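Me: I want to go through the charged side chains first, then the core. Can you start with the term we need?

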Amino acid sequence: MIKGVVSMPSNIFATTGTNVSIIFLDNTDEEEKAILVDASKLGKKIKEGKNQKTVLREDEIEKIIDVFTKKEEKEDFSVEVTYDQLKENNCSFFAGQYFDVKVEYVELTQKEFNKKMKEYKQKINKIFANDETLKKEILEEMEEFLHE
């Protein structure tokens, strides 16, 4: 009976930060397929009183409706799955779980590879250095508390 599921952005309702999914049921649908839409990255966050709320723009609403009604697959946004696929994934309705993972390969010469590795090593050393500084500061602060 599941026609589809739309995973909405967090804070779509101002009074709760709970993630919301809208489930559509149709007992006349005999395709045994459902469309899963991941709209969680859409919307604009706004402040409403003390609460933060996510508001969908009109074009985003139209995109969700259009993809859902056409059961259209869009990369990293929507996917059509069979009921068997849903069962295999413990009835998970999270669209991202069914997206194809794309891996891009880039041909590098040995010289380019070595250059990239050197850059990564420099970044990692910088992170480690910041980590050591932070660790030292935390320990010094803790020491001050012990002597008060």
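Reply: A salt bridge here is a side-chain nitrogen of Lys or Arg within 4 Å of a carboxyl oxygen of Asp or Glu. This is a predicted model, where local features need pLDDT of at least 70, side-chain atom pairs count only at pLDDT 80 or more, and totals for chains, interfaces and linings use all residues. Residues are numbered from 1 along each chain as its sequence is written, and side-chain values use heavy atoms, with hydrogens and water left out.

Me: How many salt bridges does that rule give?

Reply: The count is eight.

Me: What does Lys70 pair with?

Reply: Lys70 forms a salt bridge with Asp66, with the closest N and O atoms 3.2 Å apart. The two are four residues apart in helix 1, so about one helical turn separates them. Helices are DSSP runs of H or I with at least four residues, strands are runs of E with at least two, and both are numbered from the N terminus.

Me: And Asp38, buried or exposed?

Reply: Asp38 is buried, at 5% relative accessible area. Buried means under 20%, exposed over 50%, and partly exposed in between (1.4 Å probe, protein chains only). Its salt-bridge partner is Lys41, at 3.4 Å from N to O, and Lys41 is exposed at 69%.

Me: Switching to the core. Which residues touch the most other members?

Reply: Val6, Val37, Ile64 and Phe77, in the largest nonpolar core, which has 13 residues. Such a core is a set of buried Ala, Val, Leu, Ile, Met, Phe, Trp, Tyr and Cys residues joined through side-chain atoms within 4.5 Å.

Me: Which element gives the largest share?

Reply: Helix 1, with three residues.
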